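Here are my notes for a colleague opening this entry for the first time. Please read them with the structure in view.

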Amino acid sequence: MGTAQSFDIAIIGAGPGGYSTALRAAQLGKSVALIERDATLGGTCLNRGCIPSKALITATHTIDTVHRAAELGVNASVNGIDFGRLHDYRLHIVDTMTKGLAGLLAHRGVTVFHGEVTAISTPGAAGNADNAGTLRITGANGSPVEQFVRAGVAQPLESTVTISARNIVIATGSRPRPLPGIDFRGALIDSTQALELDEFPASAVIIGSGAIALEFASMWCTAGCTVTLLIRKDRVLSSWDRRAAVTLTRELKRHGVTILTHTNVTQVDTGANLGATVHYTRQVSDSEPAEQRTVWGEIALAAIGRDPITDDAWLTQSGIQFDNAGMVVTDPYGRTNLPGVWAIGDITEGPALAHRAFEQGIVAAETICGLTTRPVDDATVPQVVFSSPEAASVGLTLEQAQARDDLDSVSETVYPMLGNARMLMSGSAGSLSIVSGAYTSNPDVSVVLGVHIISPMASDLIAEAEQIVGNRVPLHDAARLIHPHPTFSETLGEALLKADGRPLNT
Ligand code: FAD
């Protein structure tokens, strides 16, 4: 055992949840340790999630734009993709972001350890002095644990180091979920491997119907890949607003993605350089027989969800409470059942998204520091698919609103996006719907309950919708907001006017 340093707060995992906790707690004057086993900081998001995927999507958006060039009177054409440069571009973006984060943490005085937490003794455990818990940090394969004295400057410690802290925040994140009974191997890959392919595949079978599956489908299809999407249910994004999901399905198909619903993958045959043959059954309705089929792709990407990283022995044996899915059970502020132990991000029940983890980290840090703060409301966390066009959603769907008994006079307003000049110029199609209604406790005031958008820039448009839905702004007031002209944001303004009974352009 090595040096015992003590901290106010120790955080396990430097993804968006962990690093936001660290930054906020340090800002509030606490001594903070942040422990990360990856070589770089930033977790899934910066290294193998949000950032590298959007770097690649930025490239394929460019292809999309060039494909429309002739229509706009510009002579340009796509003459292939230089994958070496694209690879460098992705790495450059990731590198800049992770180094920037390291600099920020150092600037705030956060002590970063590079190593893996392999043992925990929780702050409330018997025999722990001063109510502080301890963490054992181990270097990879017997190598020393490193402590960063400045951004990018590491000092080797011993191969095992113990630190103590009064509060421990667990933010260990998630990993790709394998298909039931079928391991990732050969040409059957997960999203991390998909981001690192030397080239985009010429053909791919993608299994899944959530954001990650749809982003890869859209990106590869735009780059000329033949994409078959196998989904289990009757539509993509099954938990989303039906209209938005149907519009996105139509747009993906229009771009060339083959979408097969009601499928169940039973086997994947792979071999070196042989691609992947995916066996599935398909039964579209109970009255029809299930058919056994196969589809072949150079690669098969399984993107059916992510599992929390909570199965390591140090955590399972800590006495912390888990639900049936292996998620850590917490209160809305991140408190677990163990005093002084907190959990945030993808290991907690709720949308597995970076911006949610980030906000949970701020809430946990402020609560630990004794500030009064507002917990994250999962119902108003915006969700986005960075497909072409983008999909974004916040708040209740029509079906969810209709099923609630604290709401009255629920209605849906659909705005025809093609009335918008920027939409017309984009050559894209989409949909925007607003779900509104009044709470039975205040039946005279209608509020915006949900907004669901398929459109270019939907990822940005949804931020305004989140303000309106999250703050329960009365519909009439929301409809008075002025939007600059000509912008995509006018679609939301016009849809709000229509929902408020004052349609202008429809
Ligand atoms: P993570 O980011 O997973 O970080 C956890 C960290 O803990 C990891 O770095 C891990 O190495 C470390 N760790 C685990 N165990 C230990 C241990 N014992 N000791 C030390 N360190 C440990 N979300 C969005 O909001 N927008 C997007 O566009 C988006 N795109 C995505 C695209 C892809 C392909 C993927 C896979 C995910 C995407 N996500 C997106 C989801 C997002 O990345 C996650 O929700 C987010 O990273 C979760 O943050 P976290 O802090 O909970 O965990």
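1. Start with one residue pair. Val205 has Ala300 as its bridge partner in β17. The model is predicted: local features need pLDDT of at least 70, side-chain atom pairs count only at pLDDT 80 or more, and totals for chains, interfaces and linings use all residues. Residues are numbered from 1 along each chain as its sequence is written.

2. Next, the strands around that pair. β11 (residues 203-207) and β17 (residues 299-302) pair in the parallel sense, over four bridges. Pairing here requires at least two DSSP bridges between two strands. Helix α6 (residues 211-222) packs on the sheet and touches β11, β12 (226-230) and β17. Contact means C-beta atoms, placed from the backbone, within 7 Å. The direction of α6 makes about 160 degrees with that of β12. Axes are lines fitted to C-alpha atoms, for helices over the stretch in contact, and angles run from 0 to 180 degrees between N-to-C directions.

3. Which order do the strands of the open sheet have? The five run β10-β17-β11-β12-β13, with parallel pairing. β10 (188-189) and β13 (258-260) stand at the edges. Each has a single partner strand, so one side of each is left without a neighbour in the sheet.

4. Now the domains. Domain 1 covers 5-47 + 91-173 + 309-378, domain 2 covers 177-304 and domain 3 covers 389-500. These bounds come from an automatic or database domain assignment. The C-alpha centres of domain 2 and domain 3 lie 31 Å apart. Their contact takes eight residues from domain 2 and 14 residues from domain 3.

5. Look at the ligand. Of the 35 residues around it, Gly13, Gly15, Gly43, Gly173 and Gly345 come nearest. A residue counts as near if its C-beta atom, placed from the backbone, lies within 6 Å. Elements giving two or more residues to this shell include α1 (16-27), β2 (32-36) and α9 (354-368).

6. Is helix α14 (residues 489-499) enclosed or open? 11 of its 11 residues are buried, so α14 is largely enclosed by the rest of the structure. Buried means 20 or more other C-beta atoms within 10 Å of the residue's own, with C-beta atoms placed from the backbone. Among the elements that its buried residues pack against are β22 (407-415), β23 (431-439) and α12 (458-470). Gly501 follows α14, with a positive phi near 80 degrees.

Notes. Two residues are in contact if their C-beta atoms, placed from the backbone, lie within 7 Å. A residue is buried if 20 or more other C-beta atoms lie within 10 Å of its own, exposed if 12 or fewer, and partly exposed in between; C-beta atoms are placed from the backbone.
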